[in-house]
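Let's read a structure together, one feature at a time.

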Amino acid sequence: VLCDAPGDAAALAVVRGFVAGLGAVPVLMSAAEHDRALALTSHAPQVVASALVVLSERGACQVAEGPGFASTTRIAGGNPAVWGDILGTNADEIARALREIGAELARVADALERSQPEAALELIRAARQTSLRRRPA
């Protein structure tokens with residue numbers, strides 16, 4: 001991901017060419033779009049995975065941790081020195097992403113408390129369809 005900024009268009013073209021030459025597909029977005037996207041796809045998942053590991057430990061649930069838990073929490077336990085900088089510089093977007101995740105989870109939890117699993121099943125179905133669509137043919 002290359003963040004466009006006012007400046008030298010020729011320099012950006014050189015960097016795009018370099019990235020493409022490495023075999024990657026350069027994607028151009030604004031710094032704000034980048035921060036929003038990374039908050040949801042990298043930063044918030046780090047916090048969520050870390051929370052799951054801590055909650056499992058706190059609840060003495062580790063004996064029940066299976067492959068799904070291991071896959072879900074693979075990224076937990078990142079280096080706090082690295083994450084401190086990331087969390088500090090993108091705090092607003094990470095907080096927004098965590099609130100969006102929390103709202104989705106709260107919606108499902110509320111439905112489950114009313115013995116209505118359909119909301120959770122709808123979420124799982126939607127995620128499955130998205131995942132299947134994204135898989136390479």
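**Reading the salt bridges**

Q: Which side chains meet in a salt bridge at 3.3 Å, N to O?

A: The general idea comes first: side chains of opposite charge can pair when their charged atoms come close. In this predicted model, the side chains of R96 and E93 do so, forming a salt bridge with 3.3 Å from N to O.

Q: Where do R96 and E93 lie in helix 5?

A: They are three residues apart in that helix, so about one helical turn separates R96 from E93.

Q: Is E93 buried or exposed?

A: E93 counts as buried, because its relative accessibility is 16% and the cut-off for buried is under 20%.

Q: What does R36 pair with at 3.8 Å, N to O?

A: The side chain of R36 meets that of E93 in a salt bridge of 3.8 Å. This pair links distant parts of the chain: R36 sits in helix 2 (residues 31–58) and E93 in helix 5, 57 residues apart.

Q: Which residue forms a salt bridge with R36 with the closest N and O atoms 2.4 Å apart?

A: That partner is E100. Here too the pair links distant parts of the chain, with R36 in helix 2 and E100 in helix 5, 64 residues apart. R36 is partly exposed, with a relative accessible area of 27%, and E100 is partly exposed at 35%.

Q: Which residues are linked in a network of salt bridges?

A: R36, E93, R96 and E100 are linked in such a network. How many salt bridges does the structure hold? It holds five.

Q: How should I read the confidence of the model?

A: As a general rule, where pLDDT is low, the predicted coordinates should not be read in detail. Here the protein chain averages a pLDDT of 95, and 99% of the residues score at least 70. Confidence is lowest in strand 1 (residues 2–3), with a mean of 90, and highest in helix 5 (residues 91–113), at 98.

Q: Now for the surface. Which residues form a nonpolar patch there?

A: The patch is formed by V1, V25 and V27, which together have about 280 Å² of accessible area. To find V25, look in the loop between helix 1 (9–21) and strand 2 (28–29). V25 is exposed, because its relative accessible area is 69% and the cut-off for exposed is over 50%.

Q: What is T73 in contact with, leaving aside its neighbours within four places in sequence?

A: T73 is in contact with A49, L52 and V53.

Q: One more residue, please. Where is L123 found?

A: L123 is in helix 6 (residues 118–134). At 32% relative accessibility, L123 counts as partly exposed.

Q: Which residues does L123 touch, not counting those up to four places away in sequence?

A: L123 touches E104 and V108.

Q: What separates the C-alpha atoms of L123 and I86?

A: A distance of 29 Å separates these C-alpha atoms, and the two residues are 37 residues apart along the chain.

Key:
Residues numbered from 1 in each chain as written. Predicted model: local features only at pLDDT ≥ 70, side-chain atom pairs only at ≥ 80, totals over all residues. Heavy atoms only, no water. pLDDT = per-residue confidence, 0-100. Helix = DSSP H or I, 4+ residues; strand = E, 2+ residues; numbered from the N terminus. Patch = residues over 30% accessible without salt bridge, like charges linked within 9 Å, V, L, I, M, F, W, Y side chains within 5 Å. Areas by Shrake-Rupley, 256 points an atom, 1.4 Å probe, with all protein chains shown as cover. Salt bridge = Lys/Arg side-chain N within 4 Å of Asp/Glu carboxyl O. Buried < 20%, exposed > 50% of the residue type's maximum accessible area, 1.4 Å probe, protein only. Contact = heavy atoms within 4.5 Å.
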